[in-house]
Amino acid sequence: MFESFSQTIWLVPLYAFAGALLALPWSPGIIRQTGPRPAGYLNLIMTCWAFLHSLFALLAVWGRPLQSIAFNWLNAANLSISLDVQISVVNIGALLLITGLNLAAQVYAIAYLEMDWGWARFYSLVALFEGGMCALVICNSLFFSYCVLEVLTLGTYLLIGFWFNQSLVVTGARDAFLTKRIGDLILLMGVVALLPLAGTWNFDELAQWAATANLNPNVANLLCLALIAGPMGKCAQFPLHLWLDEAMEGPMPATILRNT
C-alpha cells in the first residue's frame with residue numbers, strides 16, 4: 001500500500017528545499033502586503049508532508065531487507081559518479097526523527113519569533129538545514145555526503161549569524177565558518193584520495209574494499225585522519241570546539257536543531 005512512498009523517499013529532502021525556495025519572495029520583503037507569515041506556514045506544510053512521507057515509507061520497509069536506488073550523475077572519460085540512495089528502516093527512521101524535530105521547532109518558532117523582522121528568512125534557513133540533514137541520512141555516497149555537509153555548513157553559518165546587527169553574533173558566525181573550513185578542507189583531501197585507492201565512493205562497496213584492502217600503514221593512517229577531520233569540525237570536537245559557545249547567539253529553535 002505504501003510501496004510508492006519508500007521508492008520515492010529521495011523526495012523528502014526536496015520538500016524542505018522547495019520550502020526554502022518558496023520562502024525567498026518574503027525574505028527580502030518583495031511581498032509586503034501579506035507580511036512574512038505565509039513563508040513560515042509554507043515551510044510548516046512542507047515539513048509536515050515530509051514527516052508523513054517518511055512515516056508511510058517506514059511502514060512500507062518495516063521488516064524488509066535494505067534497498068538501494070542509484071541516479072547516474074556524471075559519466076565522463078573513466079570517471080563515473082552516481083548518487084546512491086539507501087532505503088532501510090534505519091535511514092527512514094532517521095528521516096522521521098529529523099522531520100519530526102524540525103516540525104516541532106518550527107511550531108515553537110511561531111511564538112518565539114512572532115515579532116521578529118527576519119521571520120521568513122529564518123524559516124527558509126531552517127528548511128535549508130532540514131533538507132541537508134535529510135539528504136545526509138539517505139545518501140549512500142561519500143562524495144555526495146561531503147557535498148551535503150557543505151550545505152549544512154552554510155546553513156549553520158547563516159543561522160548562527162541570523163541577528164547580524166549584533167557584533168558578537170557576527171563574530172560567532174565567522175568563527176564557526178572558518179573552523180568548519182579547516183575540517184572540510186582536510187576531509188575533501190581524504191575523499192579525493194580515497195577514489196583512486198578504492199575505486200568507489202559508495203559506502204557499501206567501501207566496506208567490502210576495506211575488509212580486504214592492503215594499504216601502506218602510513219597511507220592508511222593519513223587517510224583515516226583526513227576522513228575524521230570533517231566530522232570533528234562539524235561536531236565541534238576538541239580542538240575545533242572554540243566556536244560552540246558563540247553559536248548560542250543564534251535563535252533558540254535553530255540552536256536546538258543544531259545541537260540535536
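Start with the largest nonpolar core, which has 27 residues. Keep in mind that this is a predicted model. Inside that core, the residues with the most contacts are F122, L142, L159, L194 and W201. Which elements give two or more residues to this core? They are α5 (119-138), α6 (142-160) and α7. Of these, α6 gives the most, with seven residues. There is also a second, separate core. That one has 18 residues, including I9, V12, I87 and I98.

Now the helix pairs. Two packed helices are described by the angle between their axes and the distance between the axes.

Take helix α3, residues 37-61, and helix α4, residues 89-112. Their axes are 9 Å apart, and the angle is about 155°. Angles over 145 degrees count as roughly antiparallel, so that is the label for α3 and α4. The crossing is left-handed. By class, the contact of α3 with α4 has 16 nonpolar, eight polar and one charged residues.

Next pair: helix α7, residues 167-198, and helix α9, residues 217-234. Here the axes come within 7 Å and cross at roughly 140°. So α7 and α9 are oblique to each other. This crossing is left-handed too.

Who meets whom? On the α7 side, look for K180, D184, L187 and L194, among others. On the α9 side, the residues include V219, L223, L227 and K234. Sorted by class, this contact has 11 nonpolar, four polar and three charged residues.

Technical notes:
Residues numbered from 1 in each chain as written. Predicted model: local features only at pLDDT ≥ 70, side-chain atom pairs only at ≥ 80, totals over all residues. Heavy atoms only, no water. Axes fitted to C-alpha atoms, helices over the stretch in contact; angles between N-to-C directions. Helix = DSSP H or I, 4+ residues; strand = E, 2+ residues; numbered from the N terminus. Parallel < 35°, antiparallel > 145°, perpendicular 65-115°, else oblique. Left-handed = near helix turned anticlockwise from the far one by under 90°. Contact = heavy atoms within 4.5 Å. Nonpolar A, V, L, I, M, F, W, Y, C, P; charged D, E, K, R; others polar. Core = buried A, V, L, I, M, F, W, Y, C linked by side-chain atoms within 4.5 Å. Buried < 20%, exposed > 50% of the residue type's maximum accessible area, 1.4 Å probe, protein only.
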